[in-house]
Amino acid sequence: MDPNMTSNSDNNDNIATPEHTPQLQAFREVVESRRSVRRFTDTPIPDDVLADCLRLAMLAPNSSNLQPWEFYVIDNADKRKRTVKNCMNQNAAKTAARLIAVVARTDIWHDHAQQILREYPETPVPKKVKDYYTKVVAMDFLRGPANVVSAAKWSATQVVRRVKGPIKSPYYTFEDTKNWATNNTALAAENLMLALRAHGFDSCPMGGFDEPAMKRLLGLSNDQHIIMMIGAGERADNGIYNSQFRFDQKQFVHYV
Ligand SMILES: Cc1cc2nc3c(=O)[nH]c(=O)nc-3n(C[C@H](O)[C@H](O)[C@H](O)COP(=O)(O)O)c2cc1C
(Lines give C-alpha, C1' and ligand atoms only; values in the text may rest on other atoms or scores of the structure.)
Protein backbone atom coordinates (compact mmCIF):
# COMPACT_ATOMS: atom_id res chain seq x y z
CA MET A 1 0.00 0.00 0.00
CA ASP A 2 1.18 3.54 -0.76
CA PRO A 3 2.70 4.74 2.54
CA ASN A 4 1.08 8.13 2.02
CA MET A 5 -2.35 6.51 2.25
CA THR A 6 -2.35 6.43 6.06
CA SER A 7 -4.04 9.40 7.68
CA ASN A 8 -4.04 10.81 11.17
CA SER A 9 -7.67 11.81 11.26
CA ASP A 10 -11.01 11.14 9.62
CA ASN A 11 -12.17 14.70 9.94
CA ASN A 12 -15.32 15.45 7.95
CA ASP A 13 -15.93 18.87 9.52
CA ASN A 14 -15.17 20.70 6.27
CA ILE A 15 -18.03 19.11 4.33
CA ALA A 16 -20.67 21.76 3.69
CA THR A 17 -23.96 21.73 1.85
CA PRO A 18 -23.65 22.47 -1.88
CA GLU A 19 -25.94 25.55 -1.84
CA HIS A 20 -23.79 27.32 0.73
CA THR A 21 -20.32 26.48 -0.48
CA PRO A 22 -18.65 29.31 -2.39
CA GLN A 23 -15.83 26.96 -3.42
CA LEU A 24 -18.37 24.69 -5.06
CA GLN A 25 -19.93 27.56 -7.00
CA ALA A 26 -16.50 28.72 -8.11
CA PHE A 27 -15.49 25.16 -9.07
CA ARG A 28 -18.70 24.67 -11.06
CA GLU A 29 -18.10 27.95 -12.88
CA VAL A 30 -14.58 26.94 -13.81
CA VAL A 31 -15.58 23.46 -14.99
CA GLU A 32 -18.75 24.56 -16.76
CA SER A 33 -17.13 27.49 -18.56
CA ARG A 34 -14.13 25.48 -19.80
CA ARG A 35 -14.49 24.79 -23.47
CA SER A 36 -12.14 23.63 -26.16
CA VAL A 37 -11.33 26.98 -27.73
CA ARG A 38 -10.07 26.97 -31.31
CA ARG A 39 -9.36 30.69 -31.80
CA PHE A 40 -7.55 32.95 -29.38
CA THR A 41 -7.00 36.73 -29.28
CA ASP A 42 -3.53 38.34 -29.37
CA THR A 43 -3.56 38.83 -25.57
CA PRO A 44 -0.52 37.12 -24.07
CA ILE A 45 -0.63 34.84 -21.03
CA PRO A 46 1.70 36.45 -18.46
CA ASP A 47 4.59 34.23 -17.36
CA ASP A 48 3.51 34.31 -13.70
CA VAL A 49 -0.02 33.22 -14.63
CA LEU A 50 1.29 30.33 -16.72
CA ALA A 51 3.69 29.37 -13.92
CA ASP A 52 0.80 29.27 -11.44
CA CYS A 53 -1.29 27.15 -13.84
CA LEU A 54 1.62 24.70 -14.21
CA ARG A 55 2.06 24.61 -10.43
CA LEU A 56 -1.65 23.77 -10.04
CA ALA A 57 -1.35 21.17 -12.81
CA MET A 58 1.33 19.37 -10.87
CA LEU A 59 -0.80 19.24 -7.72
CA ALA A 60 -2.82 16.57 -9.55
CA PRO A 61 -3.06 13.25 -7.77
CA ASN A 62 -0.48 10.81 -9.06
CA SER A 63 0.45 7.27 -8.31
CA SER A 64 2.88 6.95 -5.38
CA ASN A 65 3.71 10.64 -5.91
CA LEU A 66 6.16 9.59 -8.64
CA GLN A 67 5.17 12.56 -10.86
CA PRO A 68 5.97 11.04 -14.27
CA TRP A 69 5.09 14.20 -16.23
CA GLU A 70 6.79 17.03 -18.07
CA PHE A 71 5.50 20.20 -19.73
CA TYR A 72 7.35 21.81 -22.64
CA VAL A 73 6.29 25.43 -23.12
CA ILE A 74 7.24 26.19 -26.71
CA ASP A 75 8.12 29.89 -26.79
CA ASN A 76 11.03 29.90 -29.27
CA ALA A 77 9.74 31.51 -32.51
CA ASP A 78 11.17 28.91 -34.88
CA LYS A 79 10.10 25.94 -32.72
CA ARG A 80 6.66 27.51 -32.40
CA LYS A 81 6.30 27.81 -36.17
CA ARG A 82 7.28 24.16 -36.63
CA THR A 83 4.95 23.11 -33.80
CA VAL A 84 1.99 24.81 -35.48
CA LYS A 85 2.80 22.87 -38.67
CA ASN A 86 3.09 19.62 -36.65
CA CYS A 87 -0.33 20.38 -35.14
CA MET A 88 -1.69 20.23 -38.67
CA ASN A 89 -1.99 24.04 -38.76
CA GLN A 90 -5.05 23.85 -36.52
CA ASN A 91 -6.38 27.29 -35.57
CA ALA A 92 -6.11 26.26 -31.91
CA ALA A 93 -2.35 26.01 -32.41
CA LYS A 94 -1.94 28.84 -34.93
CA THR A 95 -3.65 31.46 -32.76
CA ALA A 96 -2.52 30.18 -29.32
CA ALA A 97 -0.63 32.59 -27.07
CA ARG A 98 1.23 29.61 -25.59
CA LEU A 99 1.77 26.08 -26.89
CA ILE A 100 2.50 23.31 -24.43
CA ALA A 101 3.54 19.72 -25.07
CA VAL A 102 2.33 17.47 -22.24
CA VAL A 103 4.73 14.57 -21.83
CA ALA A 104 4.43 11.28 -19.91
CA ARG A 105 7.68 9.56 -18.93
CA THR A 106 8.14 5.81 -18.71
CA ASP A 107 11.76 5.99 -17.53
CA ILE A 108 11.60 8.28 -14.53
CA TRP A 109 10.03 6.15 -11.78
CA HIS A 110 13.40 5.03 -10.38
CA ASP A 111 14.98 8.51 -10.26
CA HIS A 112 11.82 9.99 -8.76
CA ALA A 113 11.60 7.23 -6.12
CA GLN A 114 15.15 8.16 -5.08
CA GLN A 115 14.31 11.88 -5.15
CA ILE A 116 11.27 11.31 -2.93
CA LEU A 117 13.54 9.71 -0.32
CA ARG A 118 15.99 12.65 -0.57
CA GLU A 119 13.30 15.32 -0.36
CA TYR A 120 10.82 13.57 1.95
CA PRO A 121 9.27 16.14 4.30
CA GLU A 122 10.11 14.06 7.42
CA THR A 123 13.59 13.22 8.66
CA PRO A 124 14.57 10.56 9.18
CA VAL A 125 12.48 9.06 6.39
CA PRO A 126 10.17 6.48 8.04
CA LYS A 127 11.29 2.89 7.38
CA LYS A 128 7.99 1.93 5.76
CA VAL A 129 8.40 4.81 3.28
CA LYS A 130 12.01 3.83 2.54
CA ASP A 131 10.97 0.20 2.02
CA TYR A 132 8.10 1.23 -0.18
CA TYR A 133 10.21 3.31 -2.55
CA THR A 134 13.18 0.95 -2.66
CA LYS A 135 11.36 -2.42 -2.75
CA VAL A 136 7.64 -2.15 -3.59
CA VAL A 137 8.04 0.47 -6.32
CA ALA A 138 11.01 -1.37 -7.83
CA MET A 139 9.01 -4.62 -7.93
CA ASP A 140 6.10 -2.82 -9.52
CA PHE A 141 8.13 -1.45 -12.42
CA LEU A 142 11.19 -3.66 -12.97
CA ARG A 143 10.94 -5.81 -16.10
CA GLY A 144 14.50 -7.04 -16.53
CA PRO A 145 16.27 -7.96 -19.79
CA ALA A 146 13.86 -9.58 -22.25
CA ASN A 147 11.09 -9.08 -19.65
CA VAL A 148 12.54 -11.94 -17.55
CA VAL A 149 11.60 -10.23 -14.28
CA SER A 150 8.09 -9.63 -15.64
CA ALA A 151 7.64 -13.34 -16.29
CA ALA A 152 8.61 -14.13 -12.69
CA LYS A 153 6.37 -11.32 -11.41
CA TRP A 154 3.46 -12.67 -13.45
CA SER A 155 3.82 -16.18 -12.02
CA ALA A 156 4.26 -14.88 -8.46
CA THR A 157 1.20 -12.63 -8.80
CA GLN A 158 -0.99 -15.54 -9.97
CA VAL A 159 0.13 -17.64 -7.00
CA VAL A 160 -0.38 -14.87 -4.42
CA ARG A 161 -3.81 -14.05 -5.87
CA ARG A 162 -4.90 -17.68 -5.61
CA VAL A 163 -3.40 -18.37 -2.19
CA LYS A 164 -3.69 -15.07 -0.30
CA GLY A 165 -6.41 -13.16 -2.18
CA PRO A 166 -6.50 -9.78 -3.93
CA ILE A 167 -3.20 -8.27 -5.08
CA LYS A 168 -2.58 -5.29 -7.34
CA SER A 169 -1.02 -6.40 -10.61
CA PRO A 170 2.46 -4.97 -11.13
CA TYR A 171 3.49 -3.51 -14.51
CA TYR A 172 4.65 -6.33 -16.80
CA THR A 173 5.24 -4.59 -20.11
CA PHE A 174 6.38 -1.29 -21.56
CA GLU A 175 2.74 -0.65 -22.54
CA ASP A 176 1.64 -1.14 -18.90
CA THR A 177 4.16 1.47 -17.80
CA LYS A 178 3.13 3.79 -20.61
CA ASN A 179 -0.53 3.50 -19.54
CA TRP A 180 0.51 4.26 -15.99
CA ALA A 181 2.48 7.35 -16.98
CA THR A 182 -0.27 8.51 -19.35
CA ASN A 183 -3.02 8.16 -16.69
CA ASN A 184 -1.07 10.28 -14.24
CA THR A 185 -0.09 12.90 -16.79
CA ALA A 186 -3.63 13.25 -18.18
CA LEU A 187 -4.85 14.23 -14.70
CA ALA A 188 -2.23 16.99 -14.60
CA ALA A 189 -3.25 18.12 -18.10
CA GLU A 190 -6.87 18.55 -16.96
CA ASN A 191 -5.73 20.50 -13.89
CA LEU A 192 -3.71 22.75 -16.22
CA MET A 193 -6.70 23.48 -18.45
CA LEU A 194 -8.96 24.18 -15.47
CA ALA A 195 -6.32 26.43 -13.90
CA LEU A 196 -6.06 28.42 -17.15
CA ARG A 197 -9.83 28.84 -17.09
CA ALA A 198 -9.78 29.96 -13.45
CA HIS A 199 -7.23 32.61 -14.44
CA GLY A 200 -9.57 33.84 -17.22
CA PHE A 201 -7.77 32.08 -20.07
CA ASP A 202 -8.70 29.11 -22.21
CA SER A 203 -7.23 26.07 -23.87
CA CYS A 204 -7.64 23.41 -26.49
CA PRO A 205 -6.24 19.92 -25.94
CA MET A 206 -4.96 18.54 -29.23
CA GLY A 207 -4.44 14.89 -30.14
CA GLY A 208 -4.22 15.91 -33.78
CA PHE A 209 -0.46 16.32 -34.13
CA ASP A 210 2.50 14.45 -35.59
CA GLU A 211 4.07 12.87 -32.52
CA PRO A 212 7.35 11.65 -34.09
CA ALA A 213 7.90 15.10 -35.64
CA MET A 214 7.14 16.83 -32.32
CA LYS A 215 9.46 14.46 -30.46
CA ARG A 216 12.27 15.25 -32.89
CA LEU A 217 11.59 18.96 -32.51
CA LEU A 218 11.79 18.76 -28.70
CA GLY A 219 14.63 16.22 -28.66
CA LEU A 220 12.62 13.65 -26.69
CA SER A 221 13.61 10.04 -26.09
CA ASN A 222 11.60 6.84 -26.63
CA ASP A 223 10.62 7.06 -22.96
CA GLN A 224 9.03 10.50 -23.31
CA HIS A 225 5.53 10.35 -24.77
CA ILE A 226 3.62 13.44 -25.85
CA ILE A 227 0.12 12.59 -24.66
CA MET A 228 -1.37 15.84 -25.95
CA MET A 229 -0.51 19.30 -27.18
CA ILE A 230 -2.32 22.19 -25.50
CA GLY A 231 -2.98 25.52 -27.17
CA ALA A 232 -3.75 28.25 -24.62
CA GLY A 233 -4.73 31.90 -24.70
CA GLU A 234 -7.60 34.31 -24.31
CA ARG A 235 -10.84 33.12 -25.90
CA ALA A 236 -11.71 34.99 -29.13
CA ASP A 237 -15.35 35.89 -29.84
CA ASN A 238 -15.42 33.26 -32.59
CA GLY A 239 -13.29 30.81 -30.54
CA ILE A 240 -16.02 28.27 -29.82
CA TYR A 241 -17.22 26.24 -32.76
CA ASN A 242 -20.31 24.56 -31.33
CA SER A 243 -22.53 24.26 -28.24
CA GLN A 244 -21.31 21.88 -25.57
CA PHE A 245 -23.30 18.70 -25.13
CA ARG A 246 -22.81 15.31 -23.46
CA PHE A 247 -24.77 12.07 -23.55
CA ASP A 248 -27.10 11.20 -20.66
CA GLN A 249 -25.26 10.27 -17.46
CA LYS A 250 -27.32 7.07 -17.27
CA GLN A 251 -25.36 5.77 -20.24
CA PHE A 252 -22.11 5.91 -18.28
CA VAL A 253 -22.79 5.71 -14.56
CA HIS A 254 -23.41 2.33 -13.01
CA TYR A 255 -24.48 2.07 -9.36
CA VAL A 256 -23.72 -1.52 -8.50
C1 LIG B 1 -7.18 13.81 -25.95
C2 LIG B 1 -7.93 14.90 -26.67
C3 LIG B 1 -7.57 15.21 -27.97
C4 LIG B 1 -8.22 16.26 -28.64
N5 LIG B 1 -7.78 16.63 -29.86
C6 LIG B 1 -8.30 17.74 -30.45
C7 LIG B 1 -7.72 18.25 -31.63
O8 LIG B 1 -6.73 17.76 -32.15
N9 LIG B 1 -8.28 19.37 -32.17
C10 LIG B 1 -9.37 19.99 -31.61
O11 LIG B 1 -9.82 20.99 -32.16
N12 LIG B 1 -9.94 19.52 -30.47
C13 LIG B 1 -9.41 18.42 -29.87
N14 LIG B 1 -9.92 17.97 -28.68
C15 LIG B 1 -11.05 18.68 -28.06
C16 LIG B 1 -12.35 17.88 -28.16
O17 LIG B 1 -12.81 17.90 -29.48
C18 LIG B 1 -13.36 18.48 -27.17
O19 LIG B 1 -12.87 18.34 -25.87
C20 LIG B 1 -14.74 17.82 -27.28
O21 LIG B 1 -15.33 18.04 -28.53
C22 LIG B 1 -15.70 18.38 -26.20
O23 LIG B 1 -15.79 19.77 -26.28
P24 LIG B 1 -15.44 20.70 -25.03
O25 LIG B 1 -14.00 20.42 -24.66
O26 LIG B 1 -15.60 22.11 -25.51
O27 LIG B 1 -16.35 20.34 -23.92
C28 LIG B 1 -9.30 16.94 -28.01
C29 LIG B 1 -9.66 16.59 -26.71
C30 LIG B 1 -8.98 15.60 -26.06
C31 LIG B 1 -9.36 15.30 -24.62
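**Note on the predicted model**

1. The span of residues 32–233 is 50% helix and 14% strand, and its end C-alpha atoms lie 18 Å apart; helices here are DSSP runs of H or I of at least four residues, strands are runs of E of at least two, and both are numbered from the N terminus. For this span, residues 32–233, the UniProt record (an unreviewed entry) gives the feature "domain: Nitroreductase". UniProt positions are in the numbering used here, feature names are shortened, and such annotations may be inferred rather than shown by experiment.

2. The model is a predicted one, in which local features need pLDDT of at least 70 and side-chain atom pairs count only at pLDDT 80 or more, while totals for chains, interfaces and linings use all residues. Residues are numbered from 1 along each chain as its sequence is written.

3. As to the overall make-up, the chain holds nine helices and four strands, and from the N terminus on its elements follow the order α-α-β-α-α-β-α-α-α-α-β-α-β. The C-alpha trace spans about 60 × 50 × 45 Å along its principal axes. Of the 256 residues, 28% count as buried, a residue being buried if 20 or more other C-beta atoms lie within 10 Å of its own, exposed if 12 or fewer do, and partly exposed in between, with C-beta atoms placed from the backbone. Among contacts with a separation of 6 or more, 81% are between residues 24 or more positions apart, where a contact requires that the two C-beta atoms, placed from the backbone, lie within 7 Å.

4. The four strands form an open sheet with antiparallel pairing, in the order β1-β2-β4-β3; two strands pair if DSSP finds at least two bridges between them. Because β1 (69–73) and β3 (202–206) stand at the edges with a single partner strand each, one side of each is left without a neighbour in the sheet. From one strand to the next the twist averages 25 degrees, with axes taken as lines fitted to C-alpha atoms, for helices over the stretch in contact, and angles running from 0 to 180 degrees between N-to-C directions.

5. The pairings can be followed across the sheet. Strand β1 runs antiparallel to β2 (residues 98–105) and is joined to β2 by five bridges, and Val73 has Ile100 of β2 as its bridge partner. Eight bridges then join β2 to β4, again antiparallel, with Ile230 of β4 as the bridge partner of Ile100. Five bridges link β3 and β4 in the antiparallel sense, and Ser203 has Ala232 of β4 as its bridge partner. Strand β4 (residues 224–233) is mostly covered, with ten of its ten residues buried.

6. Among the helices, α1 (residues 22–33) packs on α8 (residues 174–198) at an angle of about 105 degrees, the axes being 9 Å apart. The two helices are therefore roughly perpendicular, a term for angles of 65 to 115 degrees, whereas angles under 35 count as roughly parallel, over 145 as roughly antiparallel and the rest as oblique. Val30, Val31 and Ser33 of α1 meet Leu194, Arg197 and Ala198 of α8. The residues of this contact divide into four nonpolar, one polar and one charged, with Ala, Val, Leu, Ile, Met, Phe, Trp, Tyr, Cys and Pro counted as nonpolar, Asp, Glu, Lys and Arg as charged, and the others, Gly among them, as polar.

7. Arg55 lies in helix α2 (residues 47–57) and is exposed, because 12 other C-beta atoms lie within 10 Å. The C-alpha atoms of Arg55 and Pro166 are separated by 36 Å, and the two residues are 111 residues apart along the chain.
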